[in-house]
Amino acid sequence: MSADDWWKCGIVYQVYPRSFQDSNGDGIGDLDGIRARLDHLVSLGVDAVWISPIYPSPMADFGYDIADYCDIDPRFGTLDSFDALVREVHARGLRLILDFVPNHTSDRHPWFVGSRSARGDPRRDWYIWRDPAPGGGPPNNWLGNFGGPAWTFDPATGQYYAHSFLKEQPDLNWRNPEVRAAMHEVLRFWLRRGVDGFRVDVLSQIVKDAQFRDNPPNPDFVEGQDPFLRLTMLYNTDLPEVQPIVAEMRRVVDEFSDARSSRVLIGELYLPLERLVAYYGLDAEGLQLPFNFQLISTEWQAAPIDRFARDYEAALPPGAQPNWVLGNHDKSRIASRVGPRMARLAAMLLLTLRGTPTLYYGDEIGMTDVAIPADEVQDPFEKNKPGMGLGRDPERTPMQWSTAEHAGFTTGTPWLRLAADWRTQNVEAQSRDPGSMLALYKRLIALRRAQPALNRGSYEALEAGGEVLAYARNDEGQRLVVLLNFGPTPAQVPPALVPGQPVVLASTDPARTESIEGPLVLAPCEGVVIGSADDKAPKAR
Ligand code: NOJ
Ligand code: CA
């Protein structure tokens, strides 16, 4: 692959900046902290770092409420510390991906301060303002993701403004060409500073129905679920008008792609498969990587994952690069969702499926969700809808580095409590243990680098029966077989699936040896990658 294809053969690692590494003792992670920990990413073997928002923000939604798109929040550092980070990231051969939040700003952004100041303000139409409904009240029934209506009344100017999230996060009006031009300049600002791409926040919601029609009730809603799910988001998500906007963003990003390296757009999209793949765009003028969150939402069993992987392969447009994600800062951690043992199998799945993998910080040491007592809750999602299990603090706790105070995360008081197991489960301790989750991640990543079939080979679904998920990855005559036992009992693999002269190239079970004597029987929750004798010698990638 050419250098241009780094996002096809690379692995993305997400850093939640508040929680990665604090450098100045204020208990909040920052850019200098990330810079100090780059060697961890190198030793892990990942290729790109995506950092959740680091821009000036009142932190109503921890950085996803941006008051200035072209600066750094003082809690995270300065533009100088950002430039230093870019330099050091690149010096290590890594790439840097920033979060781009186009749907909404903070209500403190000067654009919104202007917009709400008067109906005649030049920025009035940069946001979505509507008169009250004829009988009074919000203009329609749309709901905010974090609770309550998606509309807030502004008494000074007598209209409602739209916000898909908190009232402190007013939605920009992407139908306005001035907004589009201003946001393109934001992309250019960071591209000029050397960033290699963007993860684009809530992309599917950036355009709303021109007639502002009511959303219909969701027929699948079950009482007790998040009340936001009462309605189907027919008129405020995934409208056809989003596609040309994505194509425009892609053209801006492509202005900065050159023979040495392409810049990448990754989209946050929680959509059904047929809609998701539309975001690759016609003739590949859309996103390079529309996030595939299926491994987060799926039932954790072989059959549904097998079905989805086949459907995904079939639905991808020609030449499109697939991708897979196990977790992020909005979802319960994989080790808590499936349990510590199964989390090892999940790691093998993520790193052997065809497509660009994205890792969430801490998953490489098996970090789990941390229960946050009510009086320590930070996340507005939990504060607005308490006790429903919606809060995201549990998956945002500080990275566990070492046995030093506060796991080496900070010398001050961490902004969010650490997991109780930090003294034993941390990077330092796991680095010394060949049976650790960290050792498994490193082995799997190294294998993916060494074996072209895992990196860029085709995907061939196999039938293993029972609770074993099986597939082969094929590249220029090389064939590797992946076998994953999702069941709680040992599973014998059909002999026809095992290659001739089989060699176990990796197993989630540290006790497994390289050779296979007799029939291959997988332990409960065990996954293996099998090659032939000549796959043992690492190949260049
Ligand atoms: C998705 C982000 O991942 C989430 O953390 C945030 O709260 C919402 N978008 C709003 O920006
Ligand atoms: Ca700090």
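Modeller: A polar side-chain atom of H104 lies 2.9 Å from an oxygen atom of ligand 1, a polar contact being a pair of N or O atoms within 3.5 Å. D330 also places a polar side-chain atom 2.4 Å from an oxygen atom of ligand 1. In the side chain of R392, an N or O atom is 2.9 Å from an oxygen atom of ligand 1. Of the 290 Å² of accessible area that ligand 1 has on its own, the protein covers 98%; such areas come from the Shrake-Rupley method with a 1.4 Å probe.

This is a predicted model, in which local features need pLDDT of at least 70 and side-chain atom pairs count only at pLDDT 80 or more, while totals for chains, interfaces and linings use all residues. Residues are numbered from 1 along each chain as its sequence is written, chains are lettered from A and ligands numbered from 1 in the order in which they are written, and side-chain values use heavy atoms, with hydrogens and water left out.

The shell can now be described as a whole. Around ligand 1 there are 13 residues, of which D61, H104, D201, H329 and D330 come nearest; a residue is near if one of its heavy atoms lies within 4 Å of the molecule. By type, the shell around ligand 1 comprises four nonpolar, two polar and seven charged residues. Here Ala, Val, Leu, Ile, Met, Phe, Trp, Tyr, Cys and Pro count as nonpolar, Asp, Glu, Lys and Arg as charged, and the others, Gly among them, as polar.

Note on methods: Polar contact = N/O pair within 3.5 Å; in protein donor to acceptor, adjacent residues only side chain to side chain.
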